[in-house]
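Opening my notebook on this one.

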Amino acid sequence: MSFHPEMEYAPAKFHRSERKLAVPGEPFTYTPENQAKFDQNVTQYPPDQRKSVILYALYLAQKQQGYLTAAAMRHVAEQIRCTPAEVEDVVSYYTMFYTRPVGKYVLNVCRTLSCALLGAERVTEELSAKLGIKPGETDPTGTFTLVEVECLGACDRAPVVMVNDDWHERLSPGDVKAFIEKLRAGGSASLTGCHLHVDNGKKLHGV
């Protein structure tokens, strides 16, 4: 007699890795402008710590072509003098980096505790219904990509949605439809921004 539960070890039950390879992509190099930005930024680090600039290097590459191909990651590896695998490790860790094409607006809905308690799950449901897509998908027009992410660090302004590099606070489920229409019509100008940065049009805290 055994007290261990009976386990089925059929091949179909084996764990399979969900790792997805990046799109190979066309040969990639920084534009002269982005190369100049990289060259200036990397001087802020000691020569033996050149890899410390990896996030900025990846940001430049993604900003240039919209997402990170394998070719772009190889270029970043060459720039910071490490292996492509080390670059891929960083890309796969951060949700802000994309290895497939995304929409004009990437809607990152925070789903961590404060936002969850104030309806983030229903915000995602309303966005899905309005756009006709599920989290991780892009709408047929290529305008919106919907993503669920962990804490965005604005718990007192929940639910929070990060739109590309911008910010929208206190988005209630009932406001989702109007939010999307305003975003379509006015772009990032329709977003609230971060309340720590803007108050009645004036910058605070020297930011």
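Before the packing, a note on handedness: I call a crossing left-handed if the near helix is turned anticlockwise from the far one by less than a right angle, and right-handed if clockwise. Helices (H or I, at least four residues) and strands (E, at least two) are DSSP runs, numbered from the N terminus. This is a predicted model, where local features need pLDDT of at least 70 and side-chain atom pairs count only at pLDDT 80 or more, while totals for chains, interfaces and linings use all residues. Residues are numbered from 1 along each chain as its sequence is written, and side-chain values use heavy atoms, with hydrogens and water left out.

**Helix 3 on helix 4**

I looked up helix 3 (residues 70-80) against helix 4 (residues 84-93): the axes come within 8 Å and cross at roughly 115°. Axes here are lines fitted to C-alpha atoms, for helices over the stretch in contact, with angles from 0 to 180 degrees between N-to-C directions. That makes the two helices roughly perpendicular (65 to 115 degrees; under 35 is roughly parallel, over 145 roughly antiparallel, the rest oblique). Helix 3 passes helix 4 in a right-handed crossing.

Which residues make the contact (heavy atoms within 4.5 Å)? I find Met73, Arg74, Val76, Ala77 and Ile80 on helix 3, and Pro84, Val87, Glu88 and Val91 on helix 4. By class I get 7 nonpolar, no polar and 2 charged. My classes: Ala, Val, Leu, Ile, Met, Phe, Trp, Tyr, Cys and Pro are nonpolar, Asp, Glu, Lys and Arg charged, and the others, Gly among them, polar.

I also checked the loop between helix 3 and helix 4, where Arg81 sits. Phi of Arg81 is near 65°, positive in a residue other than glycine. Most residues other than glycine have a negative phi.

**Helix 2 on helix 4**

Next I took helix 2 (residues 54-65). Its axis and that of helix 4 come within 11 Å and cross at roughly 80°, which makes helix 2 roughly perpendicular to helix 4. Ile54, Leu55 and Leu58 of helix 2 meet Glu86, Val87, Val90 and Val91 of helix 4. I count 6 nonpolar, no polar and 1 charged in this contact.

**Pockets and the cavity**

I searched on a 1 Å grid over the protein atoms alone: a cavity is a set of points where a 1.4 Å probe fits but cannot get out, a pocket is an open set with protein on both sides within 12 Å along at least five of seven lines, and lining residues have an atom within 4 Å of a point. The largest pocket has a volume of about 730 Å³. Of its 25 lining residues, Tyr94, Thr95, Phe97, Tyr98 and Thr99 are closest to the centre. Helix 4 gives the largest share of that lining, 6 residues.

The second largest pocket holds about 350 Å³. Nearest its centre, out of 15 lining residues, I note Gln62, Met96, Tyr98, Asn164 and Asp165. Helix 2 gives the most to this lining, with 4 residues.

How many cavities of 30 Å³ or more turn up? I find 1 in the whole structure, and the largest cavity is about 40 Å³. Its lining includes Cys110, Cys115, Cys151 and Cys155. The lining residues divide into 8 nonpolar, 2 polar and no charged.

**One last bond**

A cis peptide bond joins Ala158 and Pro159, with omega about -10°. Pro159 lies in the loop between strand 2 and strand 3 (161-163).

Methods:
Contact means heavy atoms within 4.5 Å. Grid points are joined across faces, edges and corners, and a volume is the space filled by probe spheres set on the points.
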